[in-house]
Amino acid sequence: MAAMTETELNRLRAKLRRLDLTEASINSCLHKFEADLETYASASRVIEAWERPDPSQTVLQALACGLIAAVLGGWFASVS
């Protein structure tokens with residue numbers, strides 16, 4: 001199994017920076033991934049599991065569901 005390329009390490013580093021980690025913790029994570037012989041795909045999945053959900057997206061989804069429910073409720077009320 002080949003080690004990760006420099007490009008893959010840079011991509012992982014960018015993902016870790018989006019999580020607001022310090023450079024020391026980023027380097028520690030990357031060294032751990034390399035020591036565990038993680039592939040880019042598996043390391044990427046691990047980092048994605050750490051990502052925080054975006055609260056604005058949750059609010060938008062709730063508003064969209066509410067709007068759809070209101071429209072459908074109005075439609076059902078006018079049909080029956």
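This is a predicted model: local features need pLDDT of at least 70, side-chain atom pairs count only at pLDDT 80 or more; totals for chains, interfaces and linings use all residues.
Residues are numbered from 1 along each chain as its sequence is written. Local features need pLDDT of at least 70, side-chain atom pairs count only at pLDDT 80 or more, totals for chains, interfaces and linings use all residues, and side-chain values use heavy atoms, without hydrogens and water.

**Exercise 1.** Describe the overall form of the protein chain.

*Solution.* 
- Start with the elements: the protein chain has 4 helices and 0 strands (DSSP runs, H or I of at least four residues for helices, E of at least two for strands, numbered from the N terminus).
- Next, the spread: the radius of gyration, over C-alpha atoms, is 21 Å, well over the 12 Å that the globule rule (2.2 Å times the number of residues to the power 0.38) gives for 80 residues, so the chain is more spread out than a compact globule.
- Finally, the box: along the principal axes, the C-alpha atoms fill roughly 65 × 30 × 20 Å.

**Exercise 2.** Work out how helix α1 and helix α3 pack.

*Solution.* 
- Helix α1 covers residues 6-18 and helix α3 residues 40-50.
- Their axes lie 10 Å apart, at an angle of about 5° (lines fitted to C-alpha atoms over the stretch in contact, with angles from 0 to 180 degrees between N-to-C directions).
- That makes α1 roughly parallel to α3 (under 35 degrees).

**Exercise 3.** Find the residues that I47 contacts, leaving aside its neighbours within four places in sequence.

*Solution.* 
- Apply the contact criterion: heavy atoms within 4.5 Å.
- I47 then meets L12, K15, L16, L19 and F33.

How values were computed:
Angles under 35 degrees count as roughly parallel, over 145 as roughly antiparallel, 65 to 115 as roughly perpendicular and the rest as oblique.
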